[in-house]
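Open the model in your viewer and keep the selection tool at hand. Each stop tells you what to select and what to look for.

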Amino acid sequence: MDALLLERDAELDAIAAVIAAAQSGSGGFVLVEAPAGMGKTSLLAEARSRAAHEGLQVFHARGTELERDFGFGLVRQLFERRYVTADEPADEPAAEAVQLLRSPVAASTAGDFGLLHALYWLTVNLCQRGPVVLVADDLHWADPASLRFLAFLLPRLDGLALAVIAGTRPREAGDRQHLIDLLVTDAATRVLRPAPLTERASARLVRSRLGPQAGIAFCRAGHRLASGNPLLLNELLTAAQAEGVPATTGGMAALEALAGDAIARRVAVQLSSFPAQATAVVRAAAVLDDQARVRDVVALAGVEAALAAQTIDRLAAAGILATGDRLGFVHPLIRLAVYRGLDAAERTRLHAAAADVLARAGARPQQIAEHLMRVPSPDQGTARVLRRAAADAAGSGAPEAALAYLRRCLSDVVDGDERRTLLTELGNIAIRVDLPAAVGYLTEAHELERRPPDRAKLAYLIGTVLYHLGRFGEATAVLRQAKAALPGGDTDLRCRMDAYILNMHAYGRRDVELTEDEREPWPAPSGTGPGAGLLDCAIATIDMMRCDPRAVARARRGLAGGALSERAQGEAPLHSGWLVLLAADRDEVMPMLDAAIGLGLRRGATRDVAQAYQLRSLGWLNRGHLAEAEADAREACRAIDTAGVDLGRQWTAPMLAFAHLEAGRPEPARAALDWARAPGGRARADANYRMLEALAHVLGLENRHEEALRTAVACGERAGEVNVVNPALVAWRSQAALSLHALGRVEEARETAAEQLELARRWGAPRAYGHALRVSGLVGDGGDGLAALEAAVDVLAGSSAQLEQAKARLGLGAALRRAGRRTQARHHLALGIDLAERCGAPTLVAAIRAELLASGGRARPAGPGGVEALTPSERRVAELASSGQTNREIAQALFVTPKTVEVHLSSAYRKLNVKNRTEMAAQLRPPPG
């Protein structure tokens, strides 16, 4: 009887179902969450066995306590045996992942997000050879980089012949728990929580081990002492057998005495009957942790190979060790009992010896470093290994591991030059996972640095980190001081510093007042380097916020040619330049953001990818493409969730919220705003104006106009604190005017709408101007209102703002119907309904259809057709498919999943009423002449 699978039929059925789904080409994720000993590992072992029996490709790994800081350690366990031993070619998207697995010291050109993307395509490649099952146990000990991969993979499972079956313990405090929480709480995850054994099952287990004569009271005592935990009960019974405890009422006292540490006692009793070398082997295995090579365990134990082989076989037969191509324990709790039984001196000696054994065997630097981290007072040789391990980790997308290794070195380095170098490395790595720590390391390095050019570069780095922490006042002081000491020839760095100072003034005017030489006329950008472009972008941002149309030309100059995207990747003023063009409805910004996302996915950091997705989501929103806006906002949210640092949740959440609101979904919009709370559920008191604007719209949709008005006014106050008046950036007056009108405060509503109209007229961008005209028309009176709505339609007619144009035509159609001009009303409503359907705005479609019926028009079947009905994503996929590219090639080109390509192609076929790519190509081909 497998004690750990008693009463686990429901869990086994769920595992069988996800394996069957993988066989049918539909991905799934099952997570077994259970305390130690509840059968989690046995369930996962059964999953491996069943999948292998069914002929699926099975890859398995287990998180270990020793390797919890080993970057991509769990992922390497999953895949490296396949890719290290086999000389399989890898196409471009997966090549970086194969390099990570094959190279002892990975020197990847991909950033952390780029490696996740590469690992995803490696997984896709495996699935194309046949259904795959990934089994990953003990996620609570997994390294953060591997957990990020699982979180990255989870929303991309649809359409893959892949089952992911993982196990973890219930929530534990720790710096990686939020990553496990992402897996546990995702709607696509099936979470299994095995219950304790019932008394009946416990009695069955007792009698299967000690004989059918075991008394009911004894059985109940075993159940109580083990709390229904099958492993603990099984170990307690093993110890009882070894001690000769009778399974009667008289044996209950002895059973209770054994219960305190049954596992350790059982192992100690068993080892006492073995030769001395058995203890050496078990201790060596415990120090090397699970998945150790047998030869390394033997070398560390100091036992002759033939004798060691016999000993290992006996230990496996005794239920202590699990053998295979790697050596481990039958259960982590047994390993833990052995490891904790070592005294401190012996543990230190064995870890130092393990590092030496692994070094001689050519192990990866990180594997060696994990042992050296447990040895006090490292010598110079130890520090060198830790530095190499840090370089390995940093180059393979595992900054947390690199940070841990370098911090261990720092405690013993006091020399000025060496310490400065180490602090600089620490600071550059901490930027990716611990911004406050990065400031501390870089500041100390700056104090030790004596060369003016390098001091200036460090100061610039400190200033940018403080910027991302929102500590604008400190950042500005650091940059100004560095600028004053900057050598005269470094004009590019000076421009970069000026760009950040002006950017912080734009976003944090309360904290950053400009000096005389920083005010208008603005500092002139010098040269043609990235600094000059960034400075142009920062100045353009200030101009845009105050509705100065000169901002557009300046931003276009700063971003000219798109080269700045790559040369200044991740720089905040670059994102501000894109924001200016988005506010101005400039079409050229969308290809720039496409390129930025592509660059970030190939070799960028998570921050760069998240911000590019966030801005492109805003671009789609402005154009009314709601599906694309929601998809990009979700990608930005996922990137932020998996990042090691806060990447601006409060700027990303409103994008997703507005996508839901425009589709008429206030509840998901509220959920998006709730997501923006700080991790841990603490409400943020400093909600920015975009958060407040979105909340005001939610309240307006719910007809809670008093609250909507107060929130909109608060939004305006918050925006005013940083001199943001441009309605293309935040149109708080719209909701304020509409709520005032709904509350019967008509004159106030019209005054508020008029203020917004004047600002939008000054800025001149069609979307903001047409929107302001529409709101003025909705709250206006009679002929004035009708004229404003007609003007809104005229302004928006030639623009890319399709959703805003649909709303304007609804407003105008309704006003014309009320004025008795029904034929004209039907014309605008018919055009409006087409636009709304293209945008994917069902609530707006329903409102226009109702108005059309009221004006005497006919209701027609929903859903537009033809090339014009394609969404931007559908059109891009259709064009690539028509040019002869395969679904896989399209997915790689657009950085989406193959399933997404299939969905877009199916939708394009339906809208174009075609059956194949040839017919589709003919539809997409422009007419002759």
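Select helix H33 (residues 649-662) and helix H35 (residues 689-701). Their axes come within 8 Å and cross at roughly 25 degrees. H33 and H35 are therefore roughly parallel to each other. Angles under 35 degrees count as roughly parallel, over 145 as roughly antiparallel, 65 to 115 as roughly perpendicular, and the rest as oblique. Axes are lines fitted to C-alpha atoms, for helices over the stretch in contact, and angles run from 0 to 180 degrees between N-to-C directions. Helices (H or I, at least four residues) and strands (E, at least two) are DSSP runs, numbered from the N terminus.

A word on the source: this is a predicted model, where local features need pLDDT of at least 70 and side-chain atom pairs count only at pLDDT 80 or more, while totals for chains, interfaces and linings use all residues. Residues are numbered from 1 along each chain as its sequence is written, and side-chain values use heavy atoms, with hydrogens and water left out.

Stay on this pair. H33 passes H35 in a left-handed crossing. A crossing is left-handed if the near helix is turned anticlockwise from the far one by less than a right angle, and right-handed if clockwise. Now show the side chains. On the H33 side, the contact includes Trp-651, Met-655, Phe-658 and Leu-661. On the H35 side, it includes Tyr-689, Met-691, Val-698 and Leu-701. Contact means heavy atoms within 4.5 Å. The residues of this contact divide into 12 nonpolar, 2 polar and 2 charged. Here Ala, Val, Leu, Ile, Met, Phe, Trp, Tyr, Cys and Pro count as nonpolar, Asp, Glu, Lys and Arg as charged, and the others, Gly among them, as polar.

**Next stop: another helix pair**

Select helix H9 (residues 216-226) and helix H10 (residues 230-243). At what angle do their axes cross? They cross at roughly 125 degrees and come within 8 Å. H9 and H10 are therefore oblique to each other. H9 passes H10 in a right-handed crossing. Gly-222, His-223, Leu-225 and Ala-226 of H9 meet Leu-232, Leu-233 and Leu-236 of H10. By class, that contact has 5 nonpolar, 2 polar and no charged residues.

Now click Ser-227, in the loop between H9 and H10. Its phi is near 55 degrees, a positive value in a residue other than glycine. Ser-227 is exposed, with a relative accessible area of 56%. Buried means under 20% relative accessible area, exposed over 50%, and partly exposed in between (1.4 Å probe, protein chains only).

Move on to Pro-246, in the loop between H10 and helix H11 (252-258). Pro-246 is partly exposed, at 42% relative accessible area. Leaving aside neighbours within four places in sequence, Pro-246 is in contact with Phe-218 and Gly-251.

**Next stop: the sheet**

Select the strands. 5 strands form an open sheet in the order E2-E3-E4-E1-E5, and the pairing is parallel. Two strands pair if DSSP finds at least two bridges between them. The edge strands are E2 (57-62) and E5, and each pairs on one side only. The twist averages 15 degrees from one strand to the next.

Zoom in on strand E1 (residues 28-33). Is E1 mostly covered or mostly uncovered? E1 is mostly covered: 6 of its 6 residues are buried. Gly-28, Val-30 and Val-32 point one way, and Phe-29, Leu-31 and Glu-33 the other way. E1 pairs with strand E4 (residues 162-168) over 6 bridges. In E4, Val-164 is the bridge partner of Phe-29, and Ala-163 stands opposite Gly-28. On to strand E5 (residues 189-192), joined to E1 by 4 bridges. There, Leu-192 stands opposite Val-32.

**Last stops: single residues**

Select Arg-496 in helix H25 (residues 491-507). At 12% relative accessibility, Arg-496 counts as buried. Its contacts, not counting residues up to four places away in sequence, include Tyr-460, Pro-530 and Glu-571.

Pick Pro-521, in the loop between H25 and helix H26 (530-545). A cis peptide bond joins Glu-520 and Pro-521, with omega about 0 degrees.

Finish at Glu-7, in the segment before helix H1 (9-23). Glu-7 is not a glycine, yet its phi is positive, about 55 degrees. At 39% relative accessibility, Glu-7 counts as partly exposed.
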